[in-house]
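Let's take a walk through this one together. Have a look at the model first, and then we'll go through a few of its features.

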Amino acid sequence: MKSNNKFLDALTAGIKAALDNYQKPESFKKGEAFEDYLRKHIFPAKQYKLLHKTADYSQNKRDFVESSKEPDFLFECIRTSRRFYVESKYRGGLMDGKLEWCKNISQLNRYKEINTRTPVFICVGLQGTPHNPEYITVIPVKHIKY
C-alpha cells in the first residue's frame with residue numbers, strides 16, 4: 001500500500017510541475033533559460049560561488065518572497081572573494097533602437113541603492129535564443145542613467 005501512495009504522490013507532483021510550467025508566462029521561461037545559460041557559461045560554479053538566487057515564478061506565484069526584489073544572483077568570485085550581484089535579462093531585440101531592461105525607474109533606483117553596498121551588474125543577452133544568445137553584455141549599474 002505504501003508503494004502505491006508513493007507512486008501516486010510522485011505522479012501528482014509530476015502533473016503539478018507540468019501544469020505549473022504550462023501556465024508560466026513565456027517571458028519567465030525565457031528569463032529562467034537565460035539565467036541557466038549565465039550560470040553555466042558566464043558565471044560557472046568552478047569560478048563563482050552562488051550565494052543567493054531569487055525565488056522562481058512558481059514560488060512567487062504561491063507566496064511572494066521579498067528578496068525577489070533583489071537582483072537575480074549574488075556571486076562571490078572564488079579567486080578574489082569579491083561579491084557582486086547580477087540581474088539577468090534576455091531580449092530578443094531592441095525596442096526602437098534602445099535596450100529596455102526594466103519596466104520602471106523604481107527597479108533601477110532599488111539596484112542603485114543596493115550598489116552602494118555591493119556592486120550590481122545587469123547582464124543582457126540579446127537576439128539568438130535565451131539558451132544561446134547572439135550577444136552578451138555586462139553593464140555596471142553605476143553607469144546606467146535611465
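How many aromatic pairs does the count come to? In this predicted model, the count comes to 11 aromatic pairs. Take Phe 34 and Tyr 90: their rings sit 6.2 Å apart, centre to centre, with 50° between the planes, which makes a tilted pair. Phe 34 belongs to helix 2 (residues 26-42) and Tyr 90 to strand 3, so this pair ties together parts that are 56 residues apart in sequence. Phe 34 is buried, because its relative accessibility is 0%, and Tyr 90 is buried too, at 11%.

Now for another pair. The ring centres of Phe 84 and Phe 121 are 6.0 Å apart and the planes meet at 85°, so this one is edge-to-face. Here strand 3, with Phe 84, gets linked to strand 4, with Phe 121, across 37 residues. Phe 84 counts as buried at 12% relative accessibility, while Phe 121, at 25%, is partly exposed. Both rings also belong to one aromatic cluster, together with Phe 43, Tyr 48, Phe 73 and Phe 75.

Next, the backbone. Most residues other than glycine have a negative phi. Ser 81 has a positive one, near 65°, and is found in the loop between strand 2 (73-77) and strand 3 (83-91). Gln 127 also has a positive phi, near 60°, in the loop between strand 4 (120-126) and strand 5 (135-140).

Last stop: the second largest pocket, with about 280 Å³ of space. Its lining has 13 residues, and Leu 99, Glu 100, Trp 101, Ile 144 and Tyr 146 are the closest to the centre. Eight of the lining residues are nonpolar, two polar and three charged.

Note on methods: Residues are numbered from 1 along each chain as its sequence is written. This is a predicted model: local features need pLDDT of at least 70, side-chain atom pairs count only at pLDDT 80 or more; totals for chains, interfaces and linings use all residues. Side-chain values use heavy atoms; hydrogens and water are left out. On a 1 Å grid over the protein atoms alone, a cavity is a set of points where a 1.4 Å probe fits but cannot get out, and a pocket is an open set with protein on both sides within 12 Å along at least five of seven lines; lining residues have an atom within 4 Å of a point. Grid points are joined across faces, edges and corners, and a volume is the space filled by probe spheres set on the points. Ala, Val, Leu, Ile, Met, Phe, Trp, Tyr, Cys and Pro count as nonpolar, Asp, Glu, Lys and Arg as charged, and the others, Gly among them, as polar. Helices (H or I, at least four residues) and strands (E, at least two) are DSSP runs, numbered from the N terminus. Rings of Phe, Tyr and Trp (its six-membered ring) pair if their centres lie within 6.5 Å; planes under 30 degrees apart count as stacked, over 60 as edge-to-face and the rest as tilted. Buried means under 20% relative accessible area, exposed over 50%, partly exposed in between (1.4 Å probe, protein chains only).
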